Amino acid sequence: MSLKTIVNDKEVYDAFLEVLDEYIALEHSRLVSADNVVDLHRAQGAVNAYKKLKHLREKVNGPRRSD
């Protein structure tokens, strides 16, 4: 199965986005409770990575053209 197949299947992609939102919420709670700089930076990096994955559809399909 290719990435295009996954990101263009609405049901699958919506489920993927839900999981990413759950992971982001978990990392936000880790950010709040971080008691050292290393844990803080790790949580920030994880949130950044998950947010980038939320734009996977645009990356795979390319920019939309306005007709």
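Reader: Into which accessibility class does Phe16 fall?
Author: The model is a predicted one, in which local features require pLDDT of at least 70 and side-chain atom pairs pLDDT 80 or more, while totals for chains, interfaces and linings use all residues. Residues are numbered from 1 along each chain as its sequence is written, and side-chain values use heavy atoms, without hydrogens and water. Buried means under 20% relative accessible area, exposed over 50%, and partly exposed in between (1.4 Å probe, protein chains only). Because Phe16 has a relative accessibility of 27%, it counts as partly exposed.

Reader: How many aromatic pairs does a search of the whole structure find?
Author: Rings of Phe, Tyr and Trp (its six-membered ring) pair if their centres lie within 6.5 Å; planes under 30 degrees apart count as stacked, over 60 as edge-to-face and the rest as tilted. With this criterion, the number of aromatic pairs found in the whole structure is two.

Reader: What is the angle between the planes in the aromatic pair of Tyr13 and Phe16?
Author: Tyr13 and Phe16 both lie in helix α2, three residues apart, about one turn of the helix. Helices (H or I, at least four residues) and strands (E, at least two) are DSSP runs, numbered from the N terminus. Tyr13 is buried, with a relative accessible area of 3%. The pair is tilted, with 6.0 Å centre to centre and an angle between the planes of 35°.

Reader: What relative accessible area does Tyr23 have?
Author: Tyr50 counts as partly exposed at 21% relative accessibility. Tyr23 is also partly exposed, and its relative accessible area is 39%.

Reader: What is the N to O distance in the salt bridge of Asp14 and Lys10?
Author: A salt bridge is a side-chain nitrogen of Lys or Arg within 4 Å of a carboxyl oxygen of Asp or Glu, and three are found in the whole structure. Because Asp14 and Lys10 are four residues apart in helix α2 (residues 10-33), about one helical turn separates them. Lys10 is exposed at 58%, whereas Asp14 is partly exposed at 28%. Their side chains meet at an N to O distance of 2.7 Å.

Reader: Where in the chain does Lys54, the partner of Asp21, lie?
Author: Lys54 is partly exposed, with a relative accessible area of 28%, and Asp21 counts as partly exposed at 38%. The side chains of Lys54 and Asp21 meet in a salt bridge of 2.5 Å, N to O. The pair links distant parts of the chain, 33 residues apart: Asp21 is in helix α2, and Lys54 is in the loop between α3 (37-53) and α4 (56-61).

Reader: Which residue forms a salt bridge with Glu27?
Author: Glu27 counts as buried at 8% relative accessibility. Three residues away in helix α2, about one turn of the helix, lies Arg30, which is partly exposed at 44%. The N to O distance is 2.9 Å, and the partner of Glu27 is Arg30.

Reader: How far apart in space are Ala25 and Val7, C-alpha to C-alpha?
Author: Ala25 is placed in helix α2 and counts as partly exposed at 46% relative accessibility. Ala25 and Val7 are 18 residues apart in sequence, and their C-alpha to C-alpha distance in space is 22 Å.
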